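Visitor: I have this one open and would like to go through it piece by piece. Could you help me read it?

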Amino acid sequence: MNKRIGIEIFSAILILVIGWLIGSKWKICQFVLDLQINIVDAVSLLITVVMGLYIARILEKEVQDNRIEKDMYLSKISVIENLLENIETMFQNKNGIDLDYKLIVNLEHRIRTKKNSIFEHIVEKSKKKIKNEIQTYEKQLKDEFKDLRNYLTQTNASEEGTKDISIENNIARYSQERTSLILTSLNSIENKLLELKVLINKM
């Protein structure tokens with residue numbers, strides 16, 4: 001970044017100097033070079049160069065600060081993705097059988113807490129033109145996480161008496177249908193988070 005900006009500034013200065021030289025009086029036929037330096041022009045040129053350097057420095061800092069902020073949001077979303085992946089791996093490896101129920105509840109709670117914290121800052125900092133899109137994703141993910149929580153923790157006995165979730169000594173067994181709903185929900189949330197990350201990069 002510094003090297004590129006330095007080249008641009010040097011090019012701008014070079015163009016100014018060339019323009020000034022062309023505007024000066026050249027007496028080619030007499031092989032006499034008459035360069036008359038005007039103090040006002042020199043001061044004006046100096047101010048232009050200083051302002052160019054100052055503006056380039058400010059713009060560079062703004063770009064860097066913006067990138068750092070985006071990376072922070074993306075990093076926090078990655079944490080959520082990792083927690084979701086932990087739940088997904090548990091259900092895929094054991095097909096929803098003999099799972100640590102307290103661990104599942106803990107992971108789900110951490111995911112929702114982190115999601116709420118992230119959106120609180122993203123919505124506040126997002127540019128006006130994409131704020132509505134951010135808020136739309138917030139609502140969609142809120143509904144998705146609510147569904148996931150219900151799939152992971154709520155159960156009703158069917159007419160045959162089979163429960164979607166049975167828990168004994170903190171060991172949970174999920175029905176095949178409930179396991180399928182959980183995995184589908186996880187996949188949907190992960191897709192929404194990916195779309196959100198793309199949108200954050202536009203901030």
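Visitor: Let's start with Arg-178: buried or exposed?

Guide: Arg-178 counts as buried, at 9% relative accessibility, where buried means under 20% relative accessible area, exposed over 50% and partly exposed in between, using a 1.4 Å probe and protein chains only. Please keep in mind that this is a predicted model, in which local features need pLDDT of at least 70 and side-chain atom pairs count only at pLDDT 80 or more, while totals for chains, interfaces and linings use all residues. Residues are numbered from 1 along each chain as its sequence is written, and side-chain values use heavy atoms, with hydrogens and water left out.

Visitor: Which side chain does Arg-178 meet in a salt bridge?

Guide: A salt bridge here is a side-chain nitrogen of Lys or Arg within 4 Å of a carboxyl oxygen of Asp or Glu. The partner of Arg-178 is Asp-164, at 3.1 Å from N to O. That pair links distant parts of the chain, with Arg-178 in helix α5 (residues 176-200) and Asp-164 in the loop between α4 (128-153) and β4 (165-168), 14 residues apart. Helices (H or I, at least four residues) and strands (E, at least two) are DSSP runs, numbered from the N terminus.

Visitor: How many salt bridges does the structure hold?

Guide: There are 5 salt bridges in the structure. One of them joins Asp-98 to Arg-173, with the closest N and O atoms 3.3 Å apart. This pair too links distant parts of the chain, Asp-98 lying in the loop between α2 and β3 (99-100) and Arg-173 in strand β5, 75 residues apart. Asp-98 is partly exposed, at a relative accessible area of 39%, and Arg-173 is partly exposed as well, at 41%.

Visitor: And where do Arg-112 and Glu-108 lie?

Guide: Both sit in helix α3 (residues 101-125), 4 residues apart, which is about one turn of the helix.

Visitor: Changing topic: how many aromatic pairs does a search of the whole structure find?

Guide: The search finds 1 aromatic pair. The rings of Phe-91 and Tyr-174 have centres 4.8 Å apart and planes at 65°, so the pair is edge-to-face. Phe-91 belongs to helix α2 (residues 39-94) and Tyr-174 to strand β5 (residues 171-174), so that distant parts of the chain, 83 residues apart, are linked by this pair. As for the cut-offs, rings of Phe, Tyr and Trp (its six-membered ring) pair if their centres lie within 6.5 Å, and planes under 30 degrees apart count as stacked, over 60 as edge-to-face and the rest as tilted.

Visitor: Buried or exposed, that Tyr-174?

Guide: Tyr-174 is buried, with a relative accessible area of 5%, and Phe-91 is buried at 0%.

Visitor: Which residues touch the most other members of the largest nonpolar core?

Guide: Leu-84 and Tyr-174 do, in a core of 36 residues. The elements giving two or more residues to this core are α2, α3, α4, β5 and α5, and α2 gives the most, with 9 residues. A nonpolar core is a set of buried Ala, Val, Leu, Ile, Met, Phe, Trp, Tyr and Cys residues joined through side-chain atoms within 4.5 Å.

Visitor: What about the strands, in which order do they form the open sheet?

Guide: The order is β3-β5-β4, with 3 strands in antiparallel pairing. The edge strands, each pairing on one side only, are β3 and β4. Two strands pair if DSSP finds at least two bridges between them, and β4 and β5 are joined by 4 bridges. Ile-165 stands opposite Tyr-174 in β5, while the bridge partner of Ile-167 is Ala-172. β4 and β5 form a hairpin with 2 residues between them, and Asn-169 in the turn has a positive phi of about 55°.

Visitor: Last one: which residues form a nonpolar patch on the surface?

Guide: Ile-47, Met-51, Tyr-54, Ile-55 and Ile-58 form one, with about 490 Å² of accessible area together. Accessible areas come from the Shrake-Rupley method with a 1.4 Å probe, and for residues only the protein chains shown count as cover. Patches are made of residues with over 30% relative accessible area and no salt bridge, like charges being joined within 9 Å and nonpolar side chains (Val, Leu, Ile, Met, Phe, Trp, Tyr) within 5 Å. Tyr-54 is found in helix α2 and counts as exposed, at 52% relative accessibility.
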